[in-house]
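Dear colleague,

Please find the structure below, handed over for your reference.

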Amino acid sequence: MSKEPDEGPVDGRMPHEPSGRLPQPAVGRLSLYFRELHRLNDGGTSHTSSRELGQLVDVSPAVVRRDLSAMGTIGRRGVGYEVVKLIDAIGQLLGSGVQWRVVLVGVGSLGDALLRYRGFERLGFRLTDAFDSDPAKWGRQVGGVLVSDASVMAGRLMETRPELAILAVPADQAPQVAAVLVGAGVSGILNFAPTMLKLPGTTAVVNVDLASELQRLAFSVQNSAR
């Protein structure tokens with residue numbers, strides 16, 4: 001690990017004091033730092049630098065330092081950032097310092113894979129329930145999560161009160177399912193259905209269109225080859 005003389009206090013704020021509302025690109029980068037910091041910690045690395053983090057997520061050291069300034073004074077000049085403390089600071093800022101209850105709706109190929117993914121819990125997300133309209137899937141355990149009849153979803157959610165939901169249903173079903181989730185008090189939805197969800201009130205939505213992402217990737221490959 002290279003030590004940099006420019007690590008250390010960014011301003012006079014105390015650790016974990018947010019510097020206003022973070023822009024979405026910065027939130028995305030902080031999530032990537034969080035992932036890589038866990039990998040560094042697993043490998044026994046105690047300290048890191050903005051240069052090393054930047055190389056890991058393909059951004060400049062200056063961008064890393066600017067992003068981390070949202071947490072105030074967390075580095076030491078000439079030493080860098082303590083990995084464990086930085087994990088804790090980013091986790092608190094992103095809300096991963098607490099356990100978020102998450103439900104998944106739609107246990108097709110994508111939903112099945114998401115239920116089996118072991119990385120959620122480490123980042124503070126606990127999948128508690130899964131729902132599907134296919135009777136063949138009811139009563140199954142996928143990744144340790146019970147799959148239930150979608151028709152009982154509203155009542156179940158009123159009991160368990162999850163904060164977040166993952167939507168992996170066909171596009172034509174997404175608005176109706178999302179309305180049920182909002183009615184049950186779900187605060188945020190990660191939408192994998194190939195349609196843009198626009199919901200009333202304070203429910204947050206992140207729309208993830210995998211086909212569109214593949215198109216972006218194909219465009220990048222095509223243009224980089226020229």
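Axes here are lines fitted to C-alpha atoms, for helices over the stretch in contact, with angles running from 0 to 180 degrees between N-to-C directions. On the H1 side, Ala26, Arg29, Leu30 and Tyr33 meet Val63, Val64, Arg66, Asp67 and Leu68 of H3, where contact means heavy atoms within 4.5 Å. This contact of H1 with H3 has six nonpolar, no polar and three charged residues. Ala, Val, Leu, Ile, Met, Phe, Trp, Tyr, Cys and Pro count as nonpolar, Asp, Glu, Lys and Arg as charged, and the others, Gly among them, as polar.

The model is predicted: local features need pLDDT of at least 70 and side-chain atom pairs count only at pLDDT 80 or more, while totals for chains, interfaces and linings use all residues. Residues are numbered from 1 along each chain as its sequence is written, and side-chain values use heavy atoms, with hydrogens and water left out.

**H2 and its two partners**

H1 and H2 have axes that come within 10 Å and cross at roughly 110 degrees, which makes H1 roughly perpendicular to H2. Leu32, Tyr33, Glu36, Leu37 and Leu40 in H1 meet Glu52, Leu53, Leu56 and Val57 in H2. Seven nonpolar, no polar and two charged residues form this contact.

H2 also packs against H3, at an angle of about 105 degrees with the axes 8 Å apart, so H2 is roughly perpendicular to H3. Here Ser50, Arg51, Leu53 and Gly54 of H2 meet Pro61, Val64, Arg65 and Leu68 of H3. The residues of this contact divide into four nonpolar, two polar and two charged.

**H1 itself**

With 19 residues at 1.5 Å a residue, H1 should span 27 Å, and its end C-alpha atoms are 28 Å apart, which agrees; the expected span is 1.5 Å times one less than the number of residues. The buried residues of H1 are Ala26, Arg29, Leu30, Tyr33, Phe34, Glu36, Leu37, His38 and Leu40. Buried means under 20% relative accessible area, exposed over 50%, and partly exposed in between (1.4 Å probe, protein chains only). Their cover includes strand S1 (47–48), H2, H3 (61–68), helix H4 (83–94) and helix H6 (119–122). Just after H1, Gly44 takes a positive phi of about 90 degrees.

**Two further residues**

Thr203 is found in the loop between strand S9 (188–191) and strand S10 (204–207). Thr203 is buried, with a relative accessible area of 13%. Leaving aside residues up to four places away in sequence, Thr203 touches Val182, Val186, Ser187, Gly188 and Ile189.

Ala154 lies in helix H7 (residues 153–160) and is partly exposed, with a relative accessible area of 39%. The C-alpha atoms of Ala154 and Ala184 are separated by 6.4 Å, although these residues are 30 apart along the chain.

**The protein as a whole**

The protein has nine helices and 10 strands; these are DSSP runs numbered from the N terminus (helices H or I, at least four residues; strands E, at least two). Buried residues make up 37% of its 226 residues.

Kind regards

Definitions and conventions: Angles under 35 degrees count as roughly parallel, over 145 as roughly antiparallel, 65 to 115 as roughly perpendicular and the rest as oblique.
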